[in-house]
Amino acid sequence: MKNQRLVYQMIICAIFAALAFVGTMVQIPLPSGGMIHLGNFICVLAGLLCGPVIGGLAGGVGCGLYDLIIYSSLPGFIQYFILKFIMGFIVGYLFRLIVNHKKKLPFNYILMSLGLVLAMFTSLVLVFYNVGLISLSKSIEKKLMYIIIVTVFGYLFSILLILAGILSFKLKTITRLVVFVTTISVIVNIVLEFIWKLFYNMWIESLTAKAALIKALSTMPSCILTGSLTVVVISLIYYRIYLATKNLNHLNEIDVESYMEDLSNE
């Protein structure tokens with residue numbers, strides 16, 4: 001039985017990895033660099049339906065192979081294998097943790113609070129810079145442009161969180177949960193991708209700190225748009241896919257309907 005289950009897990013993982021590969025090919029290039037694609041959506045869907053390990057491996061292998069095969073980039077494969085594994089693992093783990101323990105959390109308010117805190121922090125950075133409490137390195141040219149870029153992306157992150165919280169008010173309990181865990185995984189993925197690109201540009205490509213920062217920031221709009229698309233699409237179709245596959249998906253060990261019923265009775 002263990003061997004049969006292992007084979008089944010490998011087959012399901014391979015299917016989702018193939019879908020993630022194809023999803024990454026469905027893309028819209030952006031003039032600022034990067035692209036909007038559906039690879040993240042498959043990674044998150046696999047994590048929700050089949051658990052953190054399958055979600056992580058499927059997303060990591062599928063999205064990583066895209067860079068390896070299409071661009072012949074081994075560093076790209078390593079980058080996306082690690083980042084998408086973390087993304088799929090987080091969404092699958094958080095989802096099961098909350099459902100299995102039947103936790104009723106104020107997902108809307110948590111998301112909006114995170115967004116407001118980030119917006120306040122970004123505003124403080126801008127205020128502290130204007131009054132001279134923050135001094136930038138002399139090696140950074142065009143300091144005003146640098147601080148504008150930092151604050152713009154800080155506000156974009158906060159808006160993404162606030163919108164996710166507001167829009168989830170009118171959703172079903174399970175859809176609200178899906179929006180919550182998907183948004184958390186998307187935010188983690190965006191932050192880690194920025195950090196990865198920043199250090200890669202400095203250490204591997206030997207760019208200056210300024211050039212590495214600009215190059216890393218140039219791909220952030222595509223990360224934010226792809227993350228937003230992932231949250232919207234997964235919130236619209238997850239529950240329908242769950243209902244359609246629950247009798248066929250032997251890797252699904254949670255009862256979503258029981259979770260919804262228990263919360264409605266409280």
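Student: What is the model, and how are its residues numbered?
Tutor: The model is predicted, with local features needing pLDDT of at least 70 and side-chain atom pairs counting only at pLDDT 80 or more, while totals for chains, interfaces and linings use all residues. Residues are numbered from 1 along each chain as its sequence is written, and side-chain values use heavy atoms, with hydrogens and water left out.

Student: What elements does the protein have?
Tutor: There are 10 helices and 2 strands, where helices (H or I, at least four residues) and strands (E, at least two) are DSSP runs numbered from the N terminus. Their order from the N terminus is α-β-β-α-α-α-α-α-α-α-α-α.

Student: Why are α2 and α7 called oblique to each other?
Tutor: Helix α2 (residues 39–50) and helix α7 (residues 173–203) pack at an angle of about 130° with axes 11 Å apart. Axes are lines fitted to C-alpha atoms, for helices over the stretch in contact, and angles run from 0 to 180 degrees between N-to-C directions. Angles under 35 degrees count as roughly parallel, over 145 as roughly antiparallel, 65 to 115 as roughly perpendicular and the rest as oblique. The angle of about 130° falls in the rest, so the pair is oblique.

Student: Which residues make that contact?
Tutor: From α2 they are Asn40, Val44 and Leu48, and from α7 Val178, Val181, Thr182, Ser185 and Asn189; contact means heavy atoms within 4.5 Å. They divide into 4 nonpolar, 4 polar and no charged. Here Ala, Val, Leu, Ile, Met, Phe, Trp, Tyr, Cys and Pro count as nonpolar, Asp, Glu, Lys and Arg as charged, and the others, Gly among them, as polar.

Student: What makes α3 roughly antiparallel to α4?
Tutor: Helix α3 (residues 52–70) and helix α4 (residues 74–100) pack at about 160°, with axes 7 Å apart. That angle is over 145, so α3 is roughly antiparallel to α4. The residues of their contact divide into 14 nonpolar, 8 polar and 3 charged.

Student: How do you know that serine 185 is buried?
Tutor: Buried means under 20% relative accessible area, exposed over 50%, partly exposed in between (1.4 Å probe, protein chains only). Serine 185 has 0%, so it is buried. Serine 185 lies in helix α7 and touches Val44, Met87, Ile90 and Val91, not counting residues up to four places away in sequence. Of the 266 residues of the protein, 44% count as buried.

Student: Why are serine 72 and serine 206 called exposed?
Tutor: Serine 72 has a relative accessible area of 62% and serine 206 has 58%; both values are over 50%, so both residues are exposed. Serine 72 lies in the loop between α3 and α4, and serine 206 in the loop between α7 and α8 (209–218). Serine 72 has a positive phi of about 55° although it is not a glycine, and so does serine 206. Most residues other than glycine have a negative phi.

Student: What makes a set of residues a nonpolar core?
Tutor: The set consists of buried Ala, Val, Leu, Ile, Met, Phe, Trp, Tyr and Cys residues joined through side-chain atoms within 4.5 Å. The largest such core has 57 residues, and its largest share, 11 residues, comes from α7. Those with the most contacts inside the core include Leu48, Phe95 and Tyr238. Tyrosine 238 touches residues including Leu48, Phe95, Ile174 and Val256.
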